[in-house]
Amino acid sequence: MPASTTDHTCMSRALQLATRGLFTTDPNPRVGCVILRDGKVVGEGFHVRAGEPHAEVHALRAAGELARGATVYVTLEPCSHHGRTGPCADALVAAQPARVVVAMQDPNPRVSGNGIARLRAAGIDVDVGLLEAEARALNPGFISRMAHGTPYVRVKLAMSLDGRTAMANGDSKWITGPAAREDVQRLRARSAAVLTGIGTALADNPALTVRPEDWQHDTYDHEWVRQPLRILLDRDLRATADMALFSGGGEVLVVAEDRVLASPAGGRRAEPLRERGAEVIGLPAHVAGELPGVAAGIDLPALLAELALREVNELLVEAGATLAGAFVQAGLADELVIYAAPALLGSTARPLLNLPIAGMDGKIPLIIRDVRMVGADIRMTALIRHAL
């Protein structure tokens with residue numbers, strides 16, 4: 001049936017509830033649910049963590065017997081398979097609502113369409129597609145991993161207004177202000193993994209941790225926020241065990257070239273990192289020219305495939321111009337988040353990205369999705385057109 005104003009209001013509320021799981025649901029999607037009976041909301045819920053009840057279960061528990069004959073609004077198709085929890089489609093069938101409104105079909109091949117079919121087979125009216133774009137925007141990583149077998153790759157960059165990221169000597173602290181740096185903390189928190197390269201690690205010694213206790217004016221329960229997997233691309237294993245990356249808590253993955261790691265010298269260099277709790281793995285390297293315009297290094301498509309197998313939904317790249325540029329040049333970046341400070345660093349300072357584009361026909365088109373002030377800085381979010 002056509003969506004009513006009430007339908008839009010309730011689905012908007014379900015989407016709002018789903019955002020409360022923004023930092024916590026990985027590897028599961030963020031989902032919200034609202035149950036309406038006789039014009040009154042009788043149950044609400046959202047998915048908090050993998051292994052815990054899904055949004056529909058929380059809402060059904062709140063509604064109790066009032067769910068019978070009600071309308072259920074859920075931002076993602078109810079699951080129909082047994083995973084860490086039972087099928088939500090079965091829970092809804094048992095509750096016997098009259099109607100279920102679903103924002104989007106589940107991209108998971110194990111589920112896609114099956115949950116909806118199960119509800120319809122039980123005589124429940126099901127409408128699909130209300131506020132679908134908003135629902136998809138909540139879970140770009142889950143959708144990418146299920147549909148393409150790769151995480152959603154978000155590249156974070158900080159620059160001056162003249163597009164420079166550091167002085168010629170490498171000095172870059174701090175281009176942006178404290179509000180922008182706090183905003184980056186939220187980008188890390190919503191990401192399943194944060195990645196940097198050995199060049200940045202040696203120059204800046206970042207911890208790449210999430211510190212929610214430093215967030216201002218935030219309504220999220222800080223105990224829910226977990227540390228993302230922190231990834232260091234270190235082809236030749238130049239990292240040292242005293243780096244901040246190995247002392248911030250959470251899991252650390254060091255990725256070396258497989259041939260380097262298999263050598264006696266590579267094995268010796270890896271051992272101190274493992275003693276600090278890091279996992280060290282080897283992946284093949286691509287050769288210069290194998291990916292157009294990308295210098296020799298770890299095979300990035302192989303890396304993304306590995307991360308998808310580890311159930312990484314969203315990957316945040318916080319790297320220098322070379323590695324960040326490699327993701328963009330290879331067509332592997334989906335989104336750029338650029339913080340621009342109200343300052344000029346001059347023509348001798350370092351560029352935003354190393355992108356060897358020879359002519360206008362090689363330009364990379366972007367779609368600006370959002371522009372806003374973050375403190376004194378401008379934050380621009382741009383989608384790379386090939387990723388749409």
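Helix α2 passes helix α3 in a left-handed crossing, a crossing being left-handed if the near helix is turned anticlockwise from the far one by less than a right angle, and right-handed if clockwise. The structure is a predicted model, in which local features need pLDDT of at least 70 and side-chain atom pairs count only at pLDDT 80 or more, whereas totals for chains, interfaces and linings use all residues. Residues are numbered from 1 along each chain as its sequence is written, and side-chain values use heavy atoms, with hydrogens and water left out. Helices (H or I, at least four residues) and strands (E, at least two) are DSSP runs numbered from the N terminus.

The axes of α2 (residues 55-63) and α3 (residues 88-95) come within 9 Å and cross at roughly 20 degrees; axes are lines fitted to C-alpha atoms, for helices over the stretch in contact, and angles run from 0 to 180 degrees between N-to-C directions. The two helices α2 and α3 are therefore roughly parallel to each other, on a scale where angles under 35 degrees count as roughly parallel, over 145 as roughly antiparallel, 65 to 115 as roughly perpendicular and the rest as oblique. Glu56, Val57 and Leu60 of α2 meet Cys88, Ala91, Leu92 and Ala95 of α3, where contact means heavy atoms within 4.5 Å. Sorted by class, the contact of α2 with α3 has six nonpolar, no polar and one charged residues; Ala, Val, Leu, Ile, Met, Phe, Trp, Tyr, Cys and Pro count as nonpolar, Asp, Glu, Lys and Arg as charged, and the others, Gly among them, as polar.

In the loop between α2 and β3 (71-74) lies Gly64, which is partly exposed, with a relative accessible area of 39%; buried means under 20% relative accessible area, exposed over 50%, and partly exposed in between (1.4 Å probe, protein chains only). The C-alpha atoms of Gly64 and Arg259 are separated by 59 Å, the two residues being 195 residues apart along the chain.

Strand β3 pairs with β4 in the parallel sense over four bridges, two strands being paired if DSSP finds at least two bridges between them. Within this pair, Tyr73 stands opposite Val101 in β4.

An open sheet of nine strands has the order β11-β10-β9-β8-β14-β6-β15-β18-β17, with mixed pairing. Strands β11 (279-283) and β17 (366-374) stand at the edges, each with a single partner strand, so one side of each is left without a neighbour in the sheet. The twist averages 25 degrees from one strand to the next.

Strand β14 runs parallel to β6, to which four bridges join it, and Tyr152 stands opposite Glu314 in β14. Strand β14 also runs parallel to β8, here joined by three bridges, and Ala193 has Leu315 of β14 as its bridge partner. Both faces of β14 are covered, with Glu314 and Leu316 on one side and Leu315 and Val317 on the other all buried.

Helix α7 (residues 178-190) lies across β6 (152-160), β8 (193-197), β14 (314-317), β15 (335-341), β17 and β18, running at about 165 degrees to β15. Helix α12 (residues 321-329) packs on the sheet as well, touching β6, β8, β9 (229-233), β14, β15 and β18, and its direction makes about 115 degrees with that of β8. Seven of the nine residues of α12 are buried, so this helix is largely enclosed by the rest of the structure; the buried residues are Ala321, Leu323, Ala324, Gly325, Ala326, Phe327 and Val328. Just after α12, Gly331 takes a positive phi of about 75 degrees.

The axes of α11 (residues 300-309) and α12 come within 11 Å and cross at roughly 85 degrees, and that makes α11 roughly perpendicular to α12. Leu300, Leu303 and Leu304 of α11 make the contact with Leu323, Ala326 and Phe327 of α12. By class, this contact of α11 with α12 has six nonpolar, no polar and no charged residues.
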